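Biologist: I'm new to reading protein models. Could you walk me through one, a feature at a time?

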Amino acid sequence: MKAWQHYAAVGLGSALGASLRYAIALAMLGPVFPWPTLLVNAVGSWLMGAVAAVATQRLHSRVARWQPFLASGFCGGFTTFSLFGLETLQLLNEARPWLALGYMMISVPLWLAAAWHGYRVGQRLAIET
Amino acid sequence: MDVEPMILLMVAAGGALGSMSRLAVGNGVSAWLGAGFPWGTLAVNLSGALLMGLLAGAVGLPGPEAPRPGWALLAVGLLGGYTTVSSFSLQTLLLWRQGRTGAALANVLVTLLAGFAALGLGVWLAGGLT
């Protein structure tokens with residue numbers, strides 16, 4: 001894959017990922033707690049793990065070929081660290097320090113657990129198919 | 001709530017630009033500092049947090065209403081797509097799987113602590129939250 005193709009695949013995947021993240025944020029609008037971003041970051045981490053596991057074990061699979069689009073592109077644009085930080089700051093600014101702390105304490109273990117689980121599922125899929 | 005096509009277009013365009021910038025910065029930083037530690041993702045997330053702080057300090061935190069086009073392009077799209085949680089999660093997991101528990105833990109702590117410090121610094125440089 002040429003460099004410009006790599007960039008195009010990542011850009012396209014991310015345009016899709018960011019749009020979907022925004023649509024989910026709109027659909028779940030309402031509660032004070034930033035559930036949409038929590039969900040998006042967990043699901044994106046899971047998918048990232050699954051794609052990486054399949055692509056490492058099956059180098060010539062379709063998943064491996066589509067990895068720039070799926071991983072750096074879609075998952076990268078779907079998940080977001082800066083908005084996670086901003087939302088935590090927003091909770092602090094609204095004088096809800098416990099919610100801010102809770103958001104942080106739930107987020108990171110959930111992201112990592114999701115990536116771990118996605119990776120395991122990806123490994124299993126790569127062996128079975 | 002309705003999805004405004006204009007806002008969605010801003011988010012998509014920002015997201016595309018953001019992730020291509022992440023790729024460029026990430027590759028550059030990895031080439032410079034080596035691939036033994038996820039420096040690229042760290043650099044992207046810290047610089048993205050700093051820029052998000054600057055932006056929030058400059059224009060204020062968004063309210064519950066639908067975002068304006070500028071915020072949709074720069075915050076939701078560009079910085080949202082530039083920074084990433086999925087790469088951070090995967091790379092932390094891979095460090096841990098390689099038995100590099102200390103490096104995995106350091107990646108988590110540095111990303112969080114320096115990330116929030118960068119965000120706060122950005123807000124402070126832009127004059128604080130109104």
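Biologist: What is the area buried between chain A and chain B?

Modeller: The size of an interface is often given as the accessible area lost when the parts come together. Buried area here is what two parts lose on being put together, with a 1.4 Å probe, summed over both. For chain A and chain B the buried area is about 3,800 Å², and carbon and sulfur atoms give 76% of that. In chain A, Tyr7(A), Tyr22(A) and Phe81(A) lose the most area to chain B, together 20% of what that side buries.

Biologist: Before we go on, what are we looking at?

Modeller: This is a predicted model, in which local features need pLDDT of at least 70 and side-chain atom pairs count only at pLDDT 80 or more, while totals for chains, interfaces and linings use all residues. Residues are numbered from 1 along each chain as written, chains are lettered from A and ligands numbered from 1 in written order, and side-chain values use heavy atoms, leaving out hydrogens and water.

Biologist: How many residues does the contact take from each chain?

Modeller: Contact means heavy atoms within 4.5 Å. Chain A gives 42 residues and chain B gives 52 residues.

Biologist: How many residue pairs are in polar contact between the chains?

Modeller: A polar contact is a pair of N or O atoms within 3.5 Å; within protein, one must be able to donate a hydrogen and the other to accept it, and residues adjacent in sequence count only if both atoms are side-chain atoms. Between chain A and chain B there are 18 such residue pairs, both residues at pLDDT 80 or more.

Biologist: Is Thr84(B) buried or exposed?

Modeller: Buried means under 20% relative accessible area, exposed over 50%, and partly exposed in between (1.4 Å probe, protein chains only). Thr84(B) has a relative accessible area of 1%, so it is buried. Its side chain makes a polar contact of 3.4 Å with that of Thr79(A). Not counting residues up to four places away in sequence, Thr84(B) touches residues including Gly76(A), Phe81(A) and Arg22(B).

Biologist: How many salt bridges are there over all chains?

Modeller: A salt bridge is a side-chain nitrogen of Lys or Arg within 4 Å of a carboxyl oxygen of Asp or Glu. The count over all chains is one, and between chain A and chain B it is zero. Glu94(A) pairs with Arg96(A) in a salt bridge, their closest N and O atoms 3.5 Å apart. Glu94(A) is partly exposed at 41% relative accessibility, and Arg96(A) is partly exposed at 35%.
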